[in-house]
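Student: I would like to go through this model with you, one question at a time. Could we begin with the charged side chains?

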Amino acid sequence: MVAGIALAIYIHPQDPFFVESGFPWPLIAPLLASLHYGFQHGLVSAVLLVGAMELSQRMGLWNTEATLLGHALGTLILAMIVGEFRDIWARQLVRLQEANNYRQLRLDEFTRSYHLLKVSHDRLEQRLVGNSFSLREALVSMRRTIGGMPRSESLSPQVAGKILGLFAEYGNVQQASLHLTDGKKIEPECLAKLGEESKFVDDDPLLLHCLETGETTSVRPEDERQGKKYNSRYMVCVPFIDSSGRFVAVVTVKALPFFSLHVTSLRLLAVLAGHLADLVQAHRKLGQLQDTNTTKFLLNLERACHDAEHFGLDTGLAIFRCHEVDQNAQLSSIIRQLCRGLDIVHEFYDGTNPAIALLLPLTDPDGVDGFFARLGKSFEHSLGYPLNNGSIKIARCNIGSHETLSEFLQEQLVDGHPLVSRSGEPA
């Protein structure tokens, strides 16, 4: 500021502040100070300029006939206006910078979370790559394995070992043993074991509670809060009970990861155990019966009702009626080509008319709709006319309970048919 005034006096000594000239050039100094430093610095600079102008005139360094009051007020007001606008924009820039810093902080947190999620996803993907079989395919494989056992056997060590392998694969079970039982007495010698062998305790409170209730039992924190203390050696006990309520075996789990001890995982183990129990019992029964196809279909209907009532799992059932035997055979062939491993096709006669019953286990209504869409396209492509042409009657049902199933079969089949008379009873 001082240097600017000295330069003005040197260049224009007769009117160093350009009061009588066209433009007051020294005014640029307080304007620049206001723009760069803000209101306070601009005001101080303007006051210094006005003071220097008044002081130099009183000292006789220069003289003018113009009134300096208007020039001084204009200098002060202009410097304050420019400084205020500069301060307003500076405050806005500070707010924007703070907001940007906050967003950058959240972005860093999101980036870290993203990388953690990506690592978890990669690990899960690696596990899934090594686990190429679905639960449905596993049950189909077990069906073939159990089908190779002698009819007189309940469970073989080989099959029991594969069952525990399924538990390890789908329930992350690390240490467990499988024991035969009839619901009252348990064989102390395990039929198969997973992980290190441990001493079997037949009076374990968790195991006794499992046998008493017939349900999958686990130690949970809420049980302790309710005063239920088991003091058990086991973490989970899973009973193998078929759809008619008969005990086959029990699996005692001693070790599994903490994240696997939740309702969904335990429900999966219970469903898996129920299906495997049905496979074992059905294998023994079918060797003692003449009408094995109907009995096998009834056993699977019982399991579907049990899964629906206890676990809320959907199962689709459809009945097809054809007027001609040849058309029924063609339709049966197309259905069998589209069926998955667990799906069951049962051909029978409803009175004098041929019919086909199709059971789609573990399939929700959307899955049933998708199957029928594929069936319609395949049927029309093979035979040249649509499936719903009127010559084939189709009835569908989503099995929700024994009552729903019985009502559906009574409406669709003639009185006295084995599926009607035995669908509401234990197979």
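Tutor: A salt bridge here is a side-chain nitrogen of Lys or Arg within 4 Å of a carboxyl oxygen of Asp or Glu. Please keep in mind that this is a predicted model, where local features need pLDDT of at least 70 and side-chain atom pairs count only at pLDDT 80 or more, while totals for chains, interfaces and linings use all residues. Residues are numbered from 1 along each chain as its sequence is written, and side-chain values use heavy atoms, with hydrogens and water left out.

Student: How many salt bridges does a search of the whole structure find?

Tutor: Side chains of opposite charge can pair when their charged atoms come close. Searching the whole structure for such pairs gives a total of 9.

Student: In the salt bridge of D343 and R340, which residue is buried?

Tutor: Their side chains meet at 2.9 Å, N to O. Buried means under 20% relative accessible area, exposed over 50%, and partly exposed in between (1.4 Å probe, protein chains only). R340 has 30%, so R340 is partly exposed. With a relative accessible area of 8%, the buried residue is D343.

Student: Is D242 buried or exposed?

Tutor: D242 forms a salt bridge with R246 (3.4 Å, N to O). R246 is partly exposed at 36% relative accessible area. D242 has a relative accessibility of 3%, so D242 counts as buried.

Student: Now for the strands: which residue in β8 stands opposite E347?

Tutor: Strand β7 (residues 344-350) has 5 of its 7 residues buried. Two strands pair if DSSP finds at least two bridges between them, and 7 bridges join β7 to the antiparallel strand β8 (residues 353-360). The two form a hairpin with 2 residues between them, and G351 in the turn has a positive phi of about 75°. Opposite E347 stands I356.

Terms used:
Helix = DSSP H or I, 4+ residues; strand = E, 2+ residues; numbered from the N terminus.
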